[in-house]
Amino acid sequence: MTATLGFVMLCHTALNRAAEVARVWAAAGCPVVIHVDRRVDAAEYRRLVDALADLGIVSFSRRYACDWGTWSLVAATQAAATQLLARHREVRHVYLASGACLPLRPVAELIDYLDARPQTDFIESVTTADVTWTVGGLAEERFTLRFPFSWRKRRGLFDFYVRLQRRLGIRRRIPKGLVPHLGSQWWCLTRRTLSAILEDPDRAGHDAYFRRVWIPDESYFQTLVRLYSIQIESRSLTLSKFDVQGKPHTFYDDHLQLLRRSDCFVARKIWPDADRLYRTFLAPQPPGSARAEPNPGKIDRLFAKAVERRTRGRAGLYMQSRFPLQDHENGKTCAPYSIFHGFSDLFENFDIWLSRAAGGRVHGHLFAPGRVEFAGGETVFNGALPDSAALRDYNPRAFLANLVWNTRGERQCFQFSPRDNQACNWFMATDPNAQISVVTGTWAVPLARANMNFSDIRKEAARLQRIETEHVRILRTMYVKARVRIWTMAEFIETPMEPLQMIIDEISPRSTRPLTEAPKLVDLAGFGQFLQSLKNQGMMPTLMGDFATTDDPQPPAREQSRPYLVR
């Protein structure tokens, strides 16, 4: 049985799998010429030759030592293709494959498909202006600069020589009549086109030029085919997917249904130990009607999702393989959380009240200088987060992101004040998941009751006011993405129920029960006089709002033991 289709295989590893595939193609009457990398062990090479010795239409071409992205791959392809065309006159199409390729459909279907298109060359061939997949920053320059050094083995020299040529303005002249094109290395060309390329009178000049082109196996045939082809289908019949780094995806056993869905004739790159794939696709196929047109686009959506997951990851999850650049991460955190700035100084046991009112987890001051105040006084929290301030302060942003990630599904709330570590201010302010409620000036309440020298109190008050002023400034910039509400202390204690109800509604939107009581306000007796004393000592407290400095601003003493009630 003779066929109009021949195969060229470029092999360097997993020769046992290459032998299985070559045997399937030969069984369909297709001649096969195999090139084996010269650096493959001689004994391993001999085993491959012996394993296929019973197949008269399988032969081996001159061996080259092949390196990625170098001329050696083109030379190996030229030698094998020349041998195939010379020995098998009946071949009308030549299919270039690798040792890691696997036929997904019966060979007879591929032969019929090509016989119906006897003058069509299937090769991806796109001008550099239209290429969007090149990785490494070299598209047009790969044709105008020289690349004598291996990008993989001598990267330093490669980069140095590229920079030197750019600095000196050196540019190669593209041979007359050639328009550089790029595309997949894996093609299927007609005898007419392939022989015209290999027998071109100007081949020596073309070869000399492409020897110094970067990755010539993706441009040599892709460019020259434009000179001779009658009809080009600019696509490869081989399913081959690449990741964002330009590396081919490897298919494993669990990709079986995915490969079937593509309706492609051949796929690469197959994992050598994917026994299920090789057993399934190399088994004899029952006769039946030919399947649909090859359509790798059917599975592009899944690959796009895989690329997005690899490059962006899951929102709020920081992982070594895709640690983000600042402000380019896929979400600073993974879920909404609430920060209450100044509330713990203004209300007694505010965390207990908030936990009861909102129903979520309420922590103390997570960024307190002494220790992390987890809810319930825990020393170790979800995700093995310790309460050590030293460990937290090593990377406060990662601490907060991990806390939110490890408590997904449960709203986290915590207290904050100017006494806490301020390293996360910008991080929280620019996080869309953050809800930040601020009552300014409440830091002065503990100072009013402190048993300290007044000069020391004044210095501490000035320090805390500077810190809070900077935090408020950040929260009022144009870069803020968090949900921010700011009240002065005087504004808040005048009517606390309205803002508290608004905050609770945002934390628990499904709750329709209105607040019936506010948290208990701390004793503010004498606080106004304390503010006046600070002024008298030369410090101007500005963050409390229009707070009376002579009269006591809170309800009469007999009412202070009761919370504010909704009337």
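In the predicted model, Leu-239 has Ala-267 of strand β12 as its bridge partner. This contact belongs to the pairing of β11 with β12 (residues 266–267), which runs in the parallel sense over two bridges. Both strands sit in an open sheet of three strands, ordered β5-β12-β11, with mixed pairing. Its edge strands are β5 (102–103) and β11 (238–239), and each pairs on one side only.

Helix packing was examined next. The axes of α7 (residues 191–198) and α9 (residues 220–228) come within 9 Å and cross at roughly 110°. The two helices are therefore roughly perpendicular. Arg-192, Thr-193, Leu-194, Ala-196 and Ile-197 of α7 meet Tyr-220, Phe-221, Leu-224, Val-225 and Tyr-228 of α9. Eight of these contact residues are nonpolar, one is polar and one is charged.

Side chains of opposite charge can pair when their charged atoms come close. The whole structure holds 22 salt bridges. One of them joins Asp-50 to Arg-46, at 3.9 Å from N to O. These residues are separated by about one helical turn, because they lie four residues apart in helix α2 (residues 42–51).

Other pairs span the chain. Arg-419 and Asp-345 form a salt bridge, with their closest N and O atoms 2.7 Å apart. Arg-419 lies in the loop between β17 and α17, whereas Asp-345 lies in helix α13, 74 residues apart. Arg-419 is partly exposed, at 29% relative accessibility. Asp-345 is buried, at 8%. Glu-410 forms a salt bridge with Arg-361, at 3.3 Å between the closest N and O atoms. Glu-410 is in the loop between α16 and β17 and Arg-361 is in strand β14, so the pair ties together parts 49 residues apart in sequence. Finally, salt bridges with shared partners join Asp-37, Arg-39, Asp-67 and Lys-153 into one network.

Definitions and conventions:
Residues numbered from 1 in each chain as written. Predicted model: local features only at pLDDT ≥ 70, side-chain atom pairs only at ≥ 80, totals over all residues. Heavy atoms only, no water. Axes fitted to C-alpha atoms, helices over the stretch in contact; angles between N-to-C directions. Parallel < 35°, antiparallel > 145°, perpendicular 65-115°, else oblique. Contact = heavy atoms within 4.5 Å. Nonpolar A, V, L, I, M, F, W, Y, C, P; charged D, E, K, R; others polar. Pairing = 2+ DSSP bridges. Salt bridge = Lys/Arg side-chain N within 4 Å of Asp/Glu carboxyl O. Buried < 20%, exposed > 50% of the residue type's maximum accessible area, 1.4 Å probe, protein only.
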